[in-house]
Amino acid sequence: MPKKIIIPSSFQMIEDTINYVDGFIVGVKDLSVNLPFYVENIEEMVNYIKKNHKEIFVSLNKNIHNSDLEYLKEILIKLEQLGVTGVMYYDASVVSLKRELGLNIDLVWAQEHMTTNYLTANYWNSFGANYMFVSNEVTIDEIIEMSAKVGAKLMVQLFGYIPIFNSRRHLV
């Protein structure tokens, strides 16, 4: 059965919509990009959402640099302890750290415009990605085909802001 999972723009929006949706996608300050707001106290946010029996996905969707790795490890361990529904990832370091740390946390392959076919989805599924955040360029027929051939649950954005790319560089 389809679920309604939203990306809130504030904690107030979570409070206002908690009775109308099945879950939320939130970002973590310094590990997420292209989201309307970033959670600084992830523990408080996760506990509030879980207390209301909703799913919570945490998006760690930025290119991870060596200087980010220790913080990423801390956050992944904390997210598993908090029992989040899943961690959305862009950078393969999340997959490597999950394995290295022996974590049992569900991953969501969410590489924006790269998640377009069942073969690659099944590849990432073999590394622990139990969900796939389907690219918006994919047609409904392709989504139906993927749902029959992918070993992961599919997530599809139906409405809202769709980022094209993100760059750390300040472009002129």
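Reader: What hand does the crossing have where H3 passes H4?
Author: H3 passes H4 in a right-handed crossing; a crossing is right-handed if the near helix is turned clockwise from the far one by less than a right angle, and left-handed if anticlockwise. This is a predicted model, in which local features need pLDDT of at least 70, side-chain atom pairs count only at pLDDT 80 or more, and totals for chains, interfaces and linings use all residues. Residues are numbered from 1 along each chain as its sequence is written, and side-chain values use heavy atoms, with hydrogens and water left out.

Reader: At what angle do H3 and H4 pack, and how far apart are their axes?
Author: H3 and H4, the latter covering residues 93-101, pack at an angle of about 60 degrees, and their axes are 10 Å apart. Axes are lines fitted to C-alpha atoms, for helices over the stretch in contact, and angles run from 0 to 180 degrees between N-to-C directions. Helices (H or I, at least four residues) and strands (E, at least two) are DSSP runs, numbered from the N terminus.

Reader: Which residues make the contact?
Author: H3 contributes Leu69, Leu72, Lys73, Leu76 and Ile77, while Ser93, Val94, Leu97, Glu100 and Leu101 come from H4, contact meaning heavy atoms within 4.5 Å. By class, this contact has 7 nonpolar, 1 polar and 2 charged residues, where Ala, Val, Leu, Ile, Met, Phe, Trp, Tyr, Cys and Pro count as nonpolar, Asp, Glu, Lys and Arg as charged, and the others, Gly among them, as polar.

Reader: And which residues of H4 are buried?
Author: They are Ser93, Val94, Val95, Leu97 and Lys98, with buried meaning under 20% relative accessible area, exposed over 50%, and partly exposed in between (1.4 Å probe, protein chains only). Their cover includes H3, strand E5 (86-89), strand E6 (107-109) and helix H5 (118-125).

Reader: Which residues have the most contacts inside the largest nonpolar core?
Author: That core has 43 residues, and those with the most contacts inside it are Ile14, Val58, Leu60, Leu79 and Val87. A nonpolar core is a set of buried Ala, Val, Leu, Ile, Met, Phe, Trp, Tyr and Cys residues joined through side-chain atoms within 4.5 Å. Apart from it lies another core, of 8 residues, among them Phe57, Met88, Val108 and Ala110.

Reader: What about Glu80, where does it lie?
Author: Glu80 lies in H3 and is partly exposed, with a relative accessible area of 27%. Not counting residues up to four places away in sequence, Glu80 touches Leu103, Asn104 and Ile105.

Reader: Last one, where is His53 found?
Author: His53 is found in the loop between H2 and strand E4 (55-60), and at 73% relative accessibility it counts as exposed. Its phi is near 60 degrees, a positive value in a residue other than glycine.
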